[in-house]
Amino acid sequence: MLILGIETSCDDTSAAVLRKDIVLSNVLSSQDDIHSKYGGVVPELASRQHLQAINPIVESALQQAGVQLSDIDLIAATQGPGLIGSLLVGFSYSKALSHVSKIPFVGVDHMAGHILSIHLNENKPQFPYIALIASGGTSSIYLAKSFTEFSCLGRTRDDAAGEAFDKVAKLLGLPYPGGPHVSKIATEGNPAQIKFPRAWLEADSLDFSFSGLKTAVLNFVNTCKAQNKPVNIPDICASFEAAVVEVLVTKTIKAAKLHNISTITIGGGVSANTSLRTQLKQCCLDKGIDFFCPQITFCTDNAAMIALAGYHEYRKNGGTGLEQDVYSRSHLG
Ligand code: KG4
């Protein structure tokens, strides 16, 4: 079965062709250059750019896979969550393509794509597993029971982890998206230099909160400036990253313990963070938990994971009606 996946939930336009779980192509057009001067994604600009990019990106994905549209058996597109204007471009395009080509269509929850992205690896986990999904829009912990059954065990109550990275980067004068820049500069700093707060919330809570941490960084920088002390950016980045990673790792391990699960996976843009990968891997090793992390290309937003999730959703529940609309909050668990 050949699946065409289309992803436009935020600021990346992506199309991919899969033969079941084999990636034949995965093409992405990034809008980072457009949004970087504003220090964050401007929704109106994002949807306009998706409109320009979508057709060439889909054609390129088909071409790189060496197939024609008429060879495709299923079109899968992100239905939500995300920016409504951005989602509408890919979702409406896919519905129109399905209508004219008579190829079945399925709408996909973006979070299911991230949770299943690990199955694009050669080395795949068995169900059930705990999936930490940390990106610019979410920080959530899921229990994945099968390719189509997911329960959300915890989620962010305010800023997502990636959003905190981006906001801290902005206040330090670093480019957008901030995560990779903060993480790179962090390697030159001392993670124990500044004790930024960790929000553990209630005992056994698997929810996250990163807005207080972001404010603590802002207050620290302002205090340094007010006292004419140097602002040591590498130490701030390293100490901030250490605080985020400690909370993400601790709560993910706790989720596995509480639910008696012996496999952990990660996904979402922040899962590209080296410190998070290294520390979670080490903790899993110490606790006898199997740890799986996707290739970096499949951590950030991509259409390959949407095609894969769409394939399983279609097999289990059939296609999505063309009268269906996009949604801004995840429908999972
Ligand atoms: O999943 P994703 O590609 O897209 C959306 O959230 O829409 O994630 C992007 C987020 C951004 O906030 C970015 O700063 C963060 O992932 N990110 C990172 C790293 N690479 C990307 N955060 C920390 N360390 C990284 N290496």
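Visitor: What relative accessible area does Ala76 have, and is Ala76 buried or exposed?
Guide: First, a friendly word on the numbers: this is a predicted model, so local features need pLDDT of at least 70 and side-chain atom pairs count only at pLDDT 80 or more, while totals for chains, interfaces and linings use all residues. Residues are numbered from 1 along each chain as its sequence is written, and side-chain values use heavy atoms, with hydrogens and water left out. Ala76 lies in strand E4 (helices are DSSP runs of H or I with at least four residues, strands are runs of E with at least two, both numbered from the N terminus). With buried meaning under 20% relative accessible area, exposed over 50% and partly exposed in between (1.4 Å probe, protein chains only), Ala76 is buried, at 0%.

Visitor: What is omega for the peptide bond from Gly80 to Pro81?
Guide: Pro81 lies in the loop between strand E4 (74–80) and helix H3 (84–101). Most peptide bonds are trans. The bond from Gly80 to Pro81 is cis, with omega near -5°.

Visitor: Which peptide bond is cis at Pro128?
Guide: Pro128 sits in the loop between helix H4 (110–116) and strand E6 (129–134). With omega near -5°, the cis bond is the one from Phe127 to Pro128.

Visitor: What is the relative accessible area of Lys102, a residue with positive phi?
Guide: Most residues other than glycine have a negative phi. Lys102 has a phi of about 65° and lies in the loop between H3 and strand E5 (105–109). Lys102 is exposed, with a relative accessible area of 68%.

Visitor: How many Å does helix H9 reach from its first C-alpha to its last?
Guide: H9 covers residues 274–287, which makes 14 residues. The expected span is 1.5 Å times one less than the number of residues, here 20 Å. The reach in the model is close to that, at 20 Å.

Visitor: Which elements do the buried residues of H9 pack against?
Guide: The buried residues of H9 are Ser275, Leu276, Arg277, Leu280 and Cys284. They pack against E6, helix H8 (233–258), strand E9 (263–267) and strand E10 (290–292).

Visitor: Which residue caps the N-terminal end of H9?
Guide: Polar contacts here are pairs of N or O atoms within 3.5 Å; within protein, one must be able to donate a hydrogen and the other to accept it, and residues adjacent in sequence count only if both atoms are side-chain atoms. A side-chain oxygen lies 3.0 Å from the backbone nitrogen of Ser275. That oxygen belongs to the capping residue, Asn273.

Visitor: How much of the ligand's accessible area does the protein cover?
Guide: Around the ligand are 20 residues, with Gly136, Asp166, Gly179, Gly269 and Asn273 coming nearest (near means a heavy atom within 4 Å). Oxygen atoms of the ligand lie 2.6 Å from a polar side-chain atom of Asp166, 2.9 Å from a backbone N or O atom of Gly179 and 3.0 Å from a polar side-chain atom of Asp301. Of the 560 Å² that the ligand has on its own (Shrake-Rupley method, 1.4 Å probe; for residues, only the protein chains shown count as cover), the protein covers 88%.

How values were computed:
Contact means heavy atoms within 4.5 Å.
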